[in-house]
Amino acid sequence: KNVSDSEATMPKPKGETPQKKDAKGTIKRQPKQGGVEKKTTKERSVNGTPKGKGKGIDKIAQKVSTKKTNVTKQKAKLHKFYEGEEPRIVVDNMIWTVEESAVRDFFKTCGTIVALELSKNDKGELNGKGSITFDTVESANKSLTLDGEQFLGRALKVSKPLSPSRTLLITKRPAEATEEDFKKAFAKIGEISSIRFLQSNLIGFIEFVDLDTAIKAYAYSETDEFRVAGKRVYFQYAYPREKKEEKDKSASPQKTTKLSRADLDNNWRKR
């Protein structure tokens, strides 16, 4: 007998059915005996959309949104205002065409707004930054929870201003501005003890002789008349530099000697 004839007469294993071919000779998929045929993704779909697909996306998005909100509230709680502090917040990442009325409407649920200032660049155009002063500390703390919320298509940045210090950070200095230009700009405010520029990026630090002079200088830099080499420059309070303390040699950890296997065995026997 030929091999094809012998294969045809051989008994088929249980659970299998003879394979059928279509007109093109392609083997059709057949369901197992006693079983249920699995449907393809196309067969399970309804109106071209796979059944069940996309149901979990909304849940994932909801979890991410909830997690983001919790992180924002924790951040606001960590940087909250305390009694005696000025209830003033700093707002960033707004669109440049934003109107003052839109900002007031967005923050009106937090409390009464005493003052609202929108910053401008050297051309007199809005730069997406500003500051808001509330009537109470509670209102300012409530406004911090809006950090990261969408405002006119952008994620708003709401933060508490840094505590005043003797040093001001130049966030973006003009490339042609020199130390003498900055000294002339603050000449009527007070004495500057040191100026440091970082060449890698256009930032720098200005340290004043005392805290009161630095506070006056910062307030003056927020006015429209302030210019350095004819251009608008913005500042932030810089974190004070920490003095490095010498390590006490007596407090250093003692060196441990490595014991051999025999010493470890002897110590174990003594116990």
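The accessible surface of the protein amounts to about 20800 Å², and carbon and sulfur atoms account for 51% of that area. Please bear in mind that this is a predicted model. Of the protein's 271 residues, 25% count as buried.

Let me turn to the fold. The secondary structure consists of eight helices and ten strands. If we take the contacts between residues at least 6 apart in sequence, 62% of them join residues at least 24 apart.

I now come to the aromatic side chains. How many aromatic pairs does the structure hold? There are ten. Let us consider F226 and F235: their ring centres are 5.8 Å apart and their planes lie at 70°, so this pair is edge-to-face, the cut-off for that class being over 60 degrees. Are these two residues buried or exposed? Both F226 and F235 are buried.

Ring pairs connect F226 and F235 with F182, F186, F197, F208 and Y220 in a cluster.

One member of that cluster, F197, has a charged neighbour as well: R173 lies over the face of the F197 ring, at 4.3 Å from the ring centre. A further charge is placed over a ring at F81, where the charged end of K160 sits 5.4 Å from the centre.

To close, I would ask you to keep two places in view: the cluster that includes F226 and F235, and the ring of F81 with K160 over it. Thank you for your attention.

How values were computed
Residues numbered from 1 in each chain as written. Predicted model: local features only at pLDDT ≥ 70, side-chain atom pairs only at ≥ 80, totals over all residues. Heavy atoms only, no water. Phe/Tyr/Trp six-rings, centres within 6.5 Å; stacked < 30°, edge-to-face > 60°. Buried < 20%, exposed > 50% of the residue type's maximum accessible area, 1.4 Å probe, protein only. Lys NZ or Arg CZ within 6 Å of the ring centre and 35° of its normal. Helix = DSSP H or I, 4+ residues; strand = E, 2+ residues; numbered from the N terminus. Contact = heavy atoms within 4.5 Å. Areas by Shrake-Rupley, 256 points an atom, 1.4 Å probe, with all protein chains shown as cover.
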